[in-house]
Amino acid sequence: MIIADKIMELRKKNGWSQEELAEQLHVSRQSVSKWEGAQSVPDINKVIAMASLFGVTTDYLLKDEIDDLPFPPAESAPALPTETEAVRRVSMEESNLFLAFSRKASGEIALGVLLCILSPILVILLAGAGELGLIPLNGDQGGILGSIVLLLMVAAAVFLFVKNGMQFSKFDYLEKEMIETEYGVSGMVRERRQEYEQTHLMGMALGIILCVISAVPVLVCTMISEKNEMLILAGVSVLLMLIGAGVYLIVRVSIVWDSFQKLLEEGDYTRKSKRSKNGLLAGLYWSVVTAGYLAYSFVTMKWDRSWIIWPIAGVLYAAIVKIDEALLNRK
């Protein structure tokens, strides 16, 4: 086993992210990433520091022929996985299968989210046009027709969510269990992540920009004519389209990016994070938000206003996660 794999193995056994190890060694995260990817070798001072930090000998780190730990990690280090925290080994074949499926599923899940966001548009337009006498239907009839289309779009979205959720369940262990990748997997994943990094950054940036400017059409339509209800409703429809496009981009690139993070046990998927209950919290939280959004929108029929639930829910979720992490760290 080469030094790159030994550093990664010891870091993961201690439950540290690359950032956490870098802080303790007073180096950058990029340095640790290069060591583990066999792109560079730490100098002798860092090797000595790591030997002390991990509770191993320098011979173990430097000599490829020594594969077995000479003795357990130092008492000051976080505990190694116990019998209840068994480490699951992930092969190159499993990793490639997961990455390929994540890329395919990202488009379908993002499409499902897009369908949910766009689904109220026909309700808004047909109900408004019916009330104004612009179509041969009254407001209620237009609303009913639009609601039928809405339900069909939501049903299609639910199908995509359930289908991909069931297929993703085969890889649940990547989020919940401690993993150890076979030789060469981490290097392959890092290389693919580096190739995808620009796409991820551009997708996130463009998605956020579209969400930020989404209110512009409504403001412009209101400025042109406050009394022209159909024009304002058209502006609301464009608002939903922009939000839908923005969220589509964010969801799609995030799912692909998370697939790399899961295999590397970095970001939100470190061993420390896996011990938290954020996964259960997220599922419960967003289920309640979705139910609340649909219930409020159907009862009040104010689809042109209910979209505000999503950005508020996003901000609140970030705060809840931080509080949960703070409570976890105190234990």
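**Confidence and helix geometry in a predicted model**

The model is predicted, with a mean pLDDT of 80 over the chain and 81% of its residues at 70 or more.

Me: Why is helix 2 called roughly perpendicular to helix 4?
Reply: Helix 2 (residues 18–25) and helix 4 (residues 44–54) pack at an angle of about 115°, their axes being 10 Å apart. Angles of 65 to 115 degrees count as roughly perpendicular, and therefore helix 2 is described as roughly perpendicular to helix 4. The crossing of helix 2 past helix 4 is right-handed.

Me: What makes up the contact between helix 2 and helix 4?
Reply: From helix 2 come L21, Q24 and L25, which meet K46, A49, M50, L53 and F54 of helix 4. Sorted by class, the residues of this contact of helix 2 with helix 4 comprise six nonpolar, one polar and one charged.

Me: How do you know that the span of helix 12 agrees with its number of residues?
Reply: Helix 12 (residues 229–264) has 36 residues, which at 1.5 Å a residue should span 52 Å, and because its end C-alpha atoms lie 52 Å apart, the two values agree. Just after helix 12, E265 takes a positive phi of about 55°.

Me: Which stretches have pLDDT under 50, and how many contacts beyond four places in sequence does the model have for them?
Reply: Over residues 71–84 pLDDT stays under 50, and the model has 24 contacts beyond four places in sequence for them. Over residues 276–280 pLDDT likewise stays under 50, with seven such contacts in the model. Where pLDDT is low, the predicted coordinates should not be read in detail.

Terms used. Residues numbered from 1 in each chain as written. Predicted model: local features only at pLDDT ≥ 70, side-chain atom pairs only at ≥ 80, totals over all residues. Heavy atoms only, no water. Axes fitted to C-alpha atoms, helices over the stretch in contact; angles between N-to-C directions. Helix = DSSP H or I, 4+ residues; strand = E, 2+ residues; numbered from the N terminus. Parallel < 35°, antiparallel > 145°, perpendicular 65-115°, else oblique. Left-handed = near helix turned anticlockwise from the far one by under 90°. Contact = heavy atoms within 4.5 Å. Nonpolar A, V, L, I, M, F, W, Y, C, P; charged D, E, K, R; others polar. pLDDT = per-residue confidence, 0-100. Expected span 1.5 Å × (residues − 1).
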